[in-house]
Structure formats: C-alpha cells, structure tokens
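Let's take a walk through this fold together, starting with a sheet and ending with a pair of helices. Keep the viewer open as you read.

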Amino acid sequence: MRVLFVFLLFLLAPTGVAQAQSKNWQAEWDKIVKGAKAEKEVMVGVEPGTDNQDAVREFSKAYPDIRLNLVPIGARDFANRVLAERRAEKYLADVFNGGTTSPTQVLVPAKALDPIRSALILPEVTDESLWFKKKFHFADREGQYVMLAAGTVINDVVTYNTKLVKPDELRSFWDLTNPKWKGKIAAYDPRLPGGASNDMRFLYYNPKLGPKFLQKLFGEMDIAIAADRRQVMDWLATGKYALALFASREVDVARKQGLPVDELTSLRAEGAHLATGAGCLALINRAPHPNAARVFINWFLARQGQLAWQKYVDRNSLRTDIPKDMLTDAKNRVPQEEGDYIFTNLADYDDLTPGRKIVEEALKKAGK
C-alpha cells in the first residue's frame with residue numbers, strides 16, 4: 001500500500017507543479033496587464049516606414065486600454081536620443097523595435113538596456129522550442145539585451161541587368177571575378193556605415209570567400225563605386241554596368257517602373273546569409289511605463305504579434321510555429337532548420353573593420 005501511495009504521488013506531482021506554474025505566470029501576467037492599464041501608455045521607438053509602423057499598431061487592437069505612443073525613428077537617432085535624454089535626467093522611452101547596430105554598439109555599452117528575458121512571461125513566448133534552431137538569438141555578445149525576432153534569407157547581394165546577364169552564367173560569387181565582368185560591375189560604397197554592412201559581413205566572414213575574394217573583387221575587377229544607391233541602380237538599368245553590388249534596396253522600385261533589373265538569386269555555391277533588418281527588440285531600462293513595456297514585448301514576441309509583423313513587413317519571423325506562405329518568395333527566403341547560414345546580425349560577425357580595411361586597400365591599389 002505504501003509503495004502504491006508513493007507511486008501515485010509521483011504521478012500527480014508533475015501535474016501539481018505544472019498547475020502551480022500555470023497559476024504563477026497567469027497571476028503575474030494579470031498583475032502586469034493591470035499595472036500597464038494604470039500606466040495608460042507605452043512609448044515604442046520603431047524604424048521609419050509605413051510597414052513597420054502598421055505592424056506595431058496592431059498592438060492597439062489587442063490592448064486598446066494602453067495607448068501606443070509610436071515614435072518613428074532610425075536606430076542611430078533613437079540611441080542618440082536616449083543618451084541625450086539621460087544626460088538631461090529624462091527617461092521617456094520604453095521599447096525599441098528596429099535595427100541592431102546602434103542598440104548593440106551604443107545602448108548596451110551605455111548600460112541603457114535591461115535583459116529582455118526579464119520581461120518574458122507568456123508560456124508561448126518563453127518557450128524557446130518555438131523559435132528557429134529552438135533557441136533565442138541575440139545581437140549583443142552578452143546574449144541578453146538585443147533580441148533578434150526576425151531572420152530572412154538574403155539573396156540580393158548582387159543585382160543584374162536582365163538584358164545583359166544570363167543568371168545561369170553565375171553560380172558562385174567567385175564567378176564575379178571572371179575577366180569577362182571586368183569594368184562591368186558597379187557597387188554602393190561598402191566603406192560607408194550601414195548600407196552594405198550585412199552583405200559585407202557575409203562576404204568577409206564566409207570561409208569560402210573571405211579576404212582573398214574581397215581583394216580580388218575590389219582590387220582587380222575595376223568596380224565603379226558610388227555613394228548613392230540610386231546612382232548605382234541608374235547605371236545598372238541603363239546598361240552602363242551589367243552587375244551591381246549592395247544596391248538591392250532600389251531594385252523593387254526599378255522593377256515596378258519596368259526597368260530591366262532583378263536580384264541574382266543563382267549565387268548559392270557559398271551558401272546564404274540571414275539578416276534581421278528592422279526585426280530586433282530591446283527593453284529600455286528605467287522605463288517610464290515598465291508594465292506596459294512588458295505587455296508590448298510579450299505581445300510582439302507572441303504568435304499574434306509575430307504574425308502581424310511578418311505580414312506587414314514581409315520578412316521572416318524566427319518563430320517557426322506560424323505560417324510562412326504570406327511572405328513573398330517564401331521558398332527562397334525562409335531559413336531551413338537544417339540549413340547552414342551566416343546570421344550576420346550575431347555578435348560573432350559584428351566587427352567589420354578588417355573587412356572594410358581590405359576593401360579600402362584593394363580600391364586604393366586599383367586607383368579608386
């Protein structure tokens with residue numbers, strides 16, 4: 001009888017623990033939502049652009065009692081604004097959703113962020129098995145502050161003039177160094193901050209490409225360099241150059257205008273890279289609305305928020321339990337669990353100084 005009693009306790013214990021845990025998170029969540037409603041608002045900095053803003057505005061439908069104070073602002077300007085406010089002893093921002101570089105390189109060293117895990121409460125949000133590779137991804141080296149909620153496979157490092165290039169001619173990035181293309185490639189200047197950074201990280205840190213590839217490409221191929229992407233796209237569309245690097249942001253507009261340009265997606269020999277775009281999330285410390293900030297973060301990372309973000313922004317959420325068929329060209333842009341990618345927003349690939357130095361020296365040697 002005693003053995004049976006112990007056995008029954010063993011069977012019932014996990015259920016009891018699970019119920020207790022369920023009650024604990026629910027009670028905590030209810031308390032935080034109540035506090036958020038008392039705070040009445042949440043201030044969220046979000047990258048400019050109607051898509052990003054429309055996605056975040058969906059929060060108001062889920063929590064109409066919490067006013068969403070949405071501030072469209074780029075990551076660099078947001079970081080500078082936060083630090084300027086703190087010098088004036090003002091604490092106005094709660095959350096940032098956008099690019100990774102400034103939050104990682106400016107706000108983390110300034111100790112202006114709280115660990116984001118401290119804000120995660122909903123079971124569907126804390127469950128890392130629901131995310132790509134069954135774990136959370138972070139841009140900061142501490143793996144605590146700048147969470148990557150998105151990761152899209154990037155196939156647009158190179159664009160081409162559809163009248164001058166047959167995609168099958170180029171399968172490897174090394175094919176760009178074929179003498180056939182010498183003097184026929186234009187590029188947005190990779191030495192400038194931002195812009196080409198993720199593409200450069202992929203090329204520099206890729207073990208199949210790396211320094212030798214960059215030296216040959218920029219030192220021997222007589223590449224035309226421009227500080228304006230639109231200039232590069234104009235050159236490409238008019239046929240002055242057959243190929244272009246790092247100018248893909250302009251390709252959609254050019255295609256809609258009927259111009260003969262497209263992304264060169266055939267370059268697969270050296271793999272692909274993932275990029276977050278404006279899909280990072282950071283919790284500002286000493287936030288004026290701490291409860292509302294936590295409600296927003298849990299909403300954003302939950303299925304509902306990630307569906308809204310993915311739908312409006314058209315970039316892949318790293319949550320794997322939501323449908324991907326809404327994405328443009330989902331087959332080529334959604335990473336596979338077994339795939340091997342260079343996730344260029346991770347801290348391992350943060351330092352671009354050596355890569356830019358190689359390009360600088362190669363261009364100087366080439367007289368550019």
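Two strands pair if DSSP finds at least two bridges between them. With that in mind, look at strand β8 (residues 185-188) in this predicted model: three bridges join β8 to β9, and the two strands run parallel. Within this pairing, Ala186 has Ala224 of β9 as its bridge partner.

Now widen the view to the sheet these strands belong to. It is an open sheet of five strands in the order β9-β8-β10-β7-β11, and its pairing is mixed. At the edges stand β9 (224-226) and β11; each has a single partner strand, so one side of each lacks a neighbour in the sheet. On average, and ignoring direction, neighbouring strands here are turned by 25 degrees against each other.

Next, follow strand β7 (residues 158-161). Toward strand β10 (residues 243-245), β7 makes three bridges in an antiparallel arrangement, and Thr159 has Ala244 as its bridge partner there. Strand β11 (residues 261-263) is also joined to β7 by three bridges, and this pair runs antiparallel; here Tyr160 stands opposite Asp262. Which way do the residues of β7 point? Val158 and Tyr160 point one way, while Thr159 and Asn161 point the other way, and all are buried.

Is Val153 buried or exposed? Its relative accessibility is 6%, and because buried means under 20%, Val153 counts as buried. Leaving aside residues up to four places away in sequence, Val153 touches Ala272, His273, Leu274, Asn332, Arg333, Val334, Pro335 and Tyr341. For a sense of scale, Val153 and Ala302 are 149 residues apart in sequence and 22 Å apart in space, C-alpha to C-alpha.

Finally, turn to the helices. The axes of helix α8 (residues 210-220) and helix α14 (residues 353-365) come within 8 Å and cross at roughly 30 degrees. Angles under 35 degrees count as roughly parallel, and α8 and α14 are therefore roughly parallel to each other. The crossing of α8 past α14 is right-handed. On the α8 side, the contact is made by Pro211, Leu214, Gln215, Phe218 and Gly219, and α14 contributes Gly355, Ile358, Val359, Ala362 and Leu363. Sorted by class, this contact of α8 with α14 has seven nonpolar residues, three polar ones and no charged ones.

Definitions and conventions:
Residues numbered from 1 in each chain as written. Predicted model: local features only at pLDDT ≥ 70, side-chain atom pairs only at ≥ 80, totals over all residues. Heavy atoms only, no water. Axes fitted to C-alpha atoms, helices over the stretch in contact; angles between N-to-C directions. Helix = DSSP H or I, 4+ residues; strand = E, 2+ residues; numbered from the N terminus. Parallel < 35°, antiparallel > 145°, perpendicular 65-115°, else oblique. Left-handed = near helix turned anticlockwise from the far one by under 90°. Contact = heavy atoms within 4.5 Å. Nonpolar A, V, L, I, M, F, W, Y, C, P; charged D, E, K, R; others polar. Buried < 20%, exposed > 50% of the residue type's maximum accessible area, 1.4 Å probe, protein only.
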